[in-house]
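Subject: Structure handover

Hello,

Here is the structure I promised to pass on. Please open it first, then read my notes below.

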Amino acid sequence: MAYLNLAEMQGAAIPMPRDVAVVQPRTATGLTALEWQVVAIAQHDRLSTLEKPGRMAIALGVLFGGERPNPRLADPRLEALRRISVLAWRKGFRLPQHEIRAFQEAGYTADQLETLLASISRGRAALNQGTRHEHGYTH
């Protein structure tokens, strides 16, 4: 039986063959399950939910209760995601630069934006395809 003294190797660099490539960690391109839920909910939000409620809307809400005029999320990061998602669902790739900047300032990456837009684009296409078939439109 052979004995290998591992104590001598402790703290020393591990030799690697020259033909082994070191894999760099990838940046995160995906979203969490909670974030995808925000994207799904944003599909049903109107563009008007992105506007700050005026004094009249606030006063009417206080007087009569009912639905909140502006469904903002308490978490600023998720709110940035909701805003960009609403815009993408409603306008496609035509996103205002200040919203893209706010999305990135909230901690999201350009890769995550690309993943989000690709997913919403597929969703919009599927919805449009379903609408065409419902009304008898085909190629």
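**What I found**

Glutamine 112 counts as buried, because its relative accessibility is 6%. (Buried is under 20% relative accessible area, exposed is over 50%, and partly exposed lies in between, with a 1.4 Å probe and protein chains only.) Glutamine 112 sits in helix H5, residues 110–134. Its side chain reaches the backbone oxygen of glycine 30 at 2.9 Å.

Before the rest, some ground rules. This is a predicted model: local features need pLDDT of at least 70, side-chain atom pairs count only at pLDDT 80 or more, and totals for chains, interfaces and linings use all residues. Residues are numbered from 1 along each chain as its sequence is written, and side-chain values use heavy atoms, leaving out hydrogens and water.

**The chain overall**

The chain has five helices and zero strands. (Helices are DSSP runs of H or I with at least four residues; strands are runs of E with at least two; numbering starts at the N terminus.) Of the 139 residues in the chain, 24% are buried. Take the contacts with a separation of 6 or more: residues 24 or more positions apart account for 67% of them. (Contact means heavy atoms within 4.5 Å.)

**Helix H4**

H4 covers residues 97–105, and its buried residues are Glu99, Ile100 and Phe103. Seen down the helix axis, these fall within an arc of 100°, so they line one face of H4. (The arc is that of the directions from the helix axis to the C-beta atoms.) The face turned away from the buried side carries exposed Gln97 and Glu105.

Arginine 101 is also in H4.

Just after H4, glycine 107 takes a positive phi of about 110°.

**H3 against H4**

Helix H3 (residues 76–91) packs on H4 at an angle of about 145°, with the axes 9 Å apart. (Axes are lines fitted to C-alpha atoms, for helices over the stretch in contact; angles run from 0 to 180 degrees between N-to-C directions.) From H3, the contact is made by Ala80, Leu81, Arg83, Ile84 and Leu87. From H4, Glu99, Ile100, Ala102 and Phe103 take part. Note that Glu99, Ile100 and Phe103 are also the buried residues of H4.

Best regards

Definitions and conventions: A polar contact is a pair of N or O atoms within 3.5 Å; within protein, one must be able to donate a hydrogen and the other to accept it, and residues adjacent in sequence count only if both atoms are side-chain atoms.
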